[in-house]
Amino acid sequence: MGPNHDEVFLKVKDVLSDALGVDDEEVSVDATLQGDLGAESIDFLDIVFRLEKAFSIKIPKGELFPDELLSNPDYVEGDRLTALGLERLKSAMPHADFARFEQSPTVSKMSELFTVKTIVNYIESKLAAA
Amino acid sequence: MRWIWIDGFVDFVSGVRASAVKNVTLSEEHLHDHFPGYPVVPASLLIEGMAQTAGILVGEARGFRHNVILAKIRSAEFDDHAVPGDRLRFDAVVESMDDRAAATGGIVHKNGASIGRVGLIFSYLDPAPGTAGFPDHNFVFTPQMLSLLAGFLNQSASRGDSAHAR
């Protein structure tokens with residue numbers, strides 16, 4: 001019997017507050033990792049390692065944070081994602097909420113997709129598939 | 001890592017753990033200012049000793065193919081300080097490792113007793129050949145640094161890897 005939603009959320013909260021040096025209370029479900037919690041690129045690697053350990057799962061490169069999409073010219077033109085790029089990103093990140101992002105899908109706004117909820121959704125789908 | 005802060009390895013299990021020692025001496029000039037009349041090893045240098053021990057552990061596990069650099073200090077807590085005459089030992093263990101980064105944990109000892117714990121994350125800096133500002137050879141693992149592993153490098157030789165530092 002795996003952890004329920006609340007248990008997953010609490011564990012993700014612990015991971016993020018440890019990795020980012022923020023108080024538990026700041027880690028709300030809609031908080032963005034970079035904008036609200038101050039995460040930098042190296043923190044993403046730290047977060048992946050900690051999540052793997054906390055939930056005994058393996059997170060393949062790019063599965064939680066698909067950063068390599070950005071270097072493909074078919075997917076990005078200037079600061080904007082192409083229609084193909086947006087479609088590709090959506091299929092790479094079924095755990096994220098695109099409602100706001102897809103209204104103006106720019107690279108500079110991509111960090112808004114990485115919220116606490118995104119991580120919780122991802123972990124739950126990994127645990128369900130296991 | 002152009003400046004070596006550990007004196008030698010006393011234990012090395014490839015990809016798993018490594019221990020290195022460092023003898024603290026008053027001939028280290030920065031101790032004369034830190035502090036005048038009361039020399040104490042700065043905590044930043046205790047972290048550096050662990051970073052070099054763990055960095056070599058990670059580098060060797062990847063066959064010295066990458067420029068392994070310290071990217072994040074996850075945590076560093078010290079319960080005691082070190083002074084000239086002390087013998088430090090840095091025990092590093094690999095906690096996670098993949099093809100982009102590694103996480104290590106470790107304990108710092110002084111004269112056989114634990115005085116602190118350091119958690120680190122290393123990243124691999126491998127720019128494409130010809131990138132401006134970067135040499136084409138491995139600039140982290142210099143021959144001098146690798147000489148610290150003399151006697152332990154047989155493990156990687158028998159695995160078929162070779163050190164690429166020039």
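1. Six residues of chain A are in contact with ten residues of chain B (contact: C-beta atoms, placed from the backbone, within 7 Å). The chain A side that touches chain B has three nonpolar, no polar and three charged residues (nonpolar: Ala, Val, Leu, Ile, Met, Phe, Trp, Tyr, Cys and Pro; charged: Asp, Glu, Lys and Arg; polar: the others, Gly among them).

2. This is a predicted model; local features need pLDDT of at least 70, side-chain atom pairs count only at pLDDT 80 or more, and totals for chains, interfaces and linings use all residues. Residues are numbered from 1 along each chain as its sequence is written, while chains are lettered from A and ligands numbered from 1 in the order in which they are written.

3. Chain B holds four helices and six strands (DSSP runs numbered from the N terminus: helices H or I, at least four residues; strands E, at least two). From the N terminus the order is β-β-α-α-β-β-β-β-α-α.

4. The six strands form an open sheet in chain B, ordered β1-β2-β4-β5-β6-β3, with antiparallel pairing (pairing: at least two DSSP bridges between two strands). β1 (8-13) and β3 (68-78) of chain B stand at the edges with a single partner strand each, so one side of each has no neighbour in the sheet.

5. Strands β4 (residues 87-97) and β5 (residues 101-110) of chain B run antiparallel, joined by nine bridges. Val93(B) has Gly105(B) in β5(B) as its bridge partner.

6. Of the 166 residues of chain B, 33% are buried (20 or more other C-beta atoms, placed from the backbone, within 10 Å of the residue's own).

Terms used:
Contact = placed C-beta atoms within 7 Å. Buried ≥ 20, exposed ≤ 12 C-beta atoms within 10 Å, placed from the backbone.
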